[in-house]
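Here are a few notes to go with your first look at this one. Have the model open beside you and take the points in turn.

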Amino acid sequence: MDTTKQQQDLNPSKIMEIGLGFMASKTLLTAANLGLLTLLAESRMTGDAIRSRLGLQERGLYDFLDTLVALGFLEREGIKDSAVYGNSPDADLFLDRNKPTYIGGILQMCNNRIYRFWNDLEEALRTGKPQNEVKTGEKPVFEMLYSDPERMREFIMAMAGIQMGNFAKFAREFDFSRYQTHCDVGGAGAHLSIQIALNNPHMRCASFDLPVVQPIAAEVVESFGVGERVSLVDGDFFKDPLPNADVITMGNILHDWGSSDKKMLISKAYDALPEGGSFVVIENIIDDDRRQNAFGMLMSLNMLVETDDGYDFSGADFKAMTTEAGFSETRVMPLTGPASAAIAIK
């Protein structure tokens with residue numbers, strides 16, 4: 001192809017879309033943090049009514065609301081002073097805090113914590129060190145989150161929101177017919193155990209996590225009415241052996257840690273399983289060629305920003321680590337969006 005013609009066929013729109021993408025991101029994060037989508041789930045409202053309810057100024061109000069219209073998160077009849085706003089169907093389903101389908105917790109956490117840390121990605125790449133609260137002398141991320149009840153609850157619900165679709169799909173589509181017991185390691189709010197129990201009535205499930213987490217898990221288990229088949233087990237997966245079970249799961253656990261800790265946790269899972277048992281990791285598993293799952297690789301960069309050694313991994317990486325631990329068979333089961341279940345059989 002002629003070089004001039006080739007240049008004419010190219011345009012910078014993708015560069016601009018990604019390079020300025022933080023503007024759209026911050027607009028949505030702000031809307032979620034303000035509770036705008038929850039407010040509009042109650043009823044459609046004028047701009048002035050929204051301004052009054054949320055304590056906003058008139059300047060920028062319609063630019064803010066109409067940007068959300070253009071991005072597809074709000075719907076509108078009329079214009080400016082005569083406009084009436086409501087949620088788009090997907091925003092109404094997933095960003096109303098009063099619905100069980102709410103996933104906005106992760107957006108609130110991004111707005112309140114993660115967004116500002118990503119400004120130091122360049123420093124993270126140059127130093128290999130986390131760029132979060134640790135930089136100012138505060139506790140490491142998990143110590144900080146778990147020492148503050150409000151932040152801990154926000155974190156647990158944020159993780160649950162982003163993974164709920166994956167947990168439900170895994171619970172429906174994984175073959176539990178030859179198993180009887182399950183343990184979710186680092187189970188947080190017990191959401192994965194609950195989904196497995198709801199979709200597989202013969203399964204007895206346990207959520208294994210630190211004692212400080214269990215009151216939140218107890219509330220969630222009670223709200224789903226599965227207390228007879230989902231138990232809460234106190235423990236520290238670094239210090240304690242894992243409970244024995246036919247199926248052991250870890251949802252967004254391994255990516256928080258470096259290679260040696262990943263291998264240690266995998267070995268603990270191997271020891272706790274019977275022959276034929278399954279070890280399942282639900283994460284944003286990166287494709288083996290590292291070309292397609294951009295979200296998984298962005299999450300790995302987030303581990304660079306947030307942790308000392310954590311990183312996301314591919315199916316091939318998972319196979320290498322689990323084979324080293326003694327597992328005989330592995331496969332990757334696609335879930336929703338960029339997430340998958342990496343499965344190893346003992």
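1. A word on salt bridges before anything else: the term is used here for a side-chain nitrogen of Lys or Arg within 4 Å of a carboxyl oxygen of Asp or Glu. Keep in mind, too, that this is a predicted model. By that rule the count comes to 13 salt bridges.

2. Start with Glu122 and Arg126, whose closest N and O atoms are 3.3 Å apart, so the pair falls within the 4 Å limit. Both residues belong to helix α9 (residues 121–127), and they are 4 residues apart, about one turn of the helix. Glu122 is exposed at 52% relative accessibility, and Arg126 is exposed too, at 68%.

3. Next, have a look at Asp96 and Lys99, a salt bridge with 2.7 Å between the closest N and O atoms. Here Asp96 is buried, its relative accessible area being 5%, while Lys99 is partly exposed at 26%.

4. Which elements does the salt bridge between Asp66 and Arg76 link? The closest N and O atoms of this pair are 3.0 Å apart. Asp66 counts as buried at 19% relative accessibility, because the cut-off for buried is under 20%. Arg76 is partly exposed at 33%.

5. Now the aromatics. A search of the whole structure turns up 9 aromatic pairs. In one of them, Phe174 and Phe176 have ring centres 4.8 Å apart and planes at 70 degrees, so they are edge-to-face. Phe174 also pairs with Tyr179: the centres are 6.3 Å apart and the planes at 5 degrees, which makes this pair stacked. Phe174 is buried at 6%, Phe176 is buried at 1%, and Tyr179 is buried at 4%. Together with Phe170, these residues form one aromatic cluster.

6. Lys26 lies over the face of Tyr115, 4.8 Å from the ring centre. The charged end of Lys346 sits over the ring of Tyr270, at 4.3 Å from its centre.

7. Last, the surface. Ile15, Met16, Leu20, Phe22 and Met23 make up a nonpolar patch there, with about 510 Å² of accessible area together. Helices α2 (13–19) and α3 (21–34) each give two or more residues to this patch. Phe22 is found in α3 and is partly exposed, with a relative accessible area of 45%.

How values were computed
Residues numbered from 1 in each chain as written. Predicted model: local features only at pLDDT ≥ 70, side-chain atom pairs only at ≥ 80, totals over all residues. Heavy atoms only, no water. Patch = residues over 30% accessible without salt bridge, like charges linked within 9 Å, V, L, I, M, F, W, Y side chains within 5 Å. Areas by Shrake-Rupley, 256 points an atom, 1.4 Å probe, with all protein chains shown as cover. Buried < 20%, exposed > 50% of the residue type's maximum accessible area, 1.4 Å probe, protein only. Phe/Tyr/Trp six-rings, centres within 6.5 Å; stacked < 30°, edge-to-face > 60°. Lys NZ or Arg CZ within 6 Å of the ring centre and 35° of its normal.
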